[in-house]
Amino acid sequence: MKVLVVMGSKSDSHIAENVTSVLDEFGVEYDVEVASAHRNPKKVEELAKKDYDVFIAIAGLSAALPGVIAAHTVKPVIGVPVSAKLGGLDALLSIAQLPPGVPVATVGIDNGKNAAILAVEILALKDEGLRKKLEEYRERMRG
């Protein structure tokens with residue numbers, strides 16, 4: 001099982017690093033790409049059609065990237081809004097307010113860590129080992 005982390009811009013790499021550090025902690029395979037929904041729409045479409053189990057899309061400003069990926073796949077897409085302008089509220093609303101029928105899970109502004117944990121939870125539905133790692137992770141949080 002594999003996750004694709006897509007940044008709309010290289011400037012979002014600090015958030016992607018938060019995502020990948022969590023995926024590394026859980027032993028989840030992933031790839032990282034930079035592809036803007038506006039500057040590279042064909043590349044985004046091609047990436048969305050690849051054989052990944054979950055997509056994490058990191059985007060600020062108009063934050064179209066998660067929705068564009070969701071338009072080209074029926075697999076789970078998790079959007080991470082970036083605090084590029086307006087404190088990230090513009091990006092948060094752009095991701096959370098997608099039209100009916102093309103949902104994107106949305107985490108908090110700049111919260112790549114939660115996006116990664118949500119991706120692990122999705123993958124854990126079919127992977128008992130990941131489920132156990134999540135249970136241990138939550139237990140460490142309580143202690």
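Strand β3 (residues 54–59) and strand β4 (residues 77–81) run parallel and are joined by 5 bridges. Strands here are DSSP runs of E with at least two residues, helices are runs of H or I with at least four, and both are numbered from the N terminus; two strands pair if DSSP finds at least two bridges between them. The model is predicted: local features need pLDDT of at least 70, side-chain atom pairs count only at pLDDT 80 or more, and totals for chains, interfaces and linings use all residues. Residues are numbered from 1 along each chain as its sequence is written, and side-chain values use heavy atoms, with hydrogens and water left out.

The open sheet has 5 strands in the order β2-β1-β3-β4-β5, with parallel pairing. Its edge strands, β2 (29–34) and β5 (105–106), each pair on one side only.

Axes are lines fitted to C-alpha atoms, for helices over the stretch in contact, and angles run from 0 to 180 degrees between N-to-C directions.

| Helix | Strands touched | Angle between directions |
|---|---|---|
| α1 (residues 13–26) | β1 (2–7), β2, β3 and β4 | about 170° with β1 |
| α2 (residues 41–48) | β1, β2 and β3 | about 170° with β2 |

Helix α1 also meets helix α5 (residues 112–124): their axes come within 7 Å and cross at roughly 35°. On the α1 side the contact includes Ile15, Val19 and Phe26, and on the α5 side Ala116, Ile117 and Val120 are among the residues.

The largest pocket has a volume of about 260 Å³, where a volume is the space filled by probe spheres set on grid points joined across faces, edges and corners. A pocket is an open set of points on a 1 Å grid over the protein atoms alone, where a 1.4 Å probe fits, with protein on both sides within 12 Å along at least five of seven lines; lining residues have an atom within 4 Å of a point. Of the 18 lining residues, Gly8, Ser9, Asp12, Gly60 and Leu61 lie nearest the centre of the largest pocket.

Definitions and conventions. Contact means heavy atoms within 4.5 Å.
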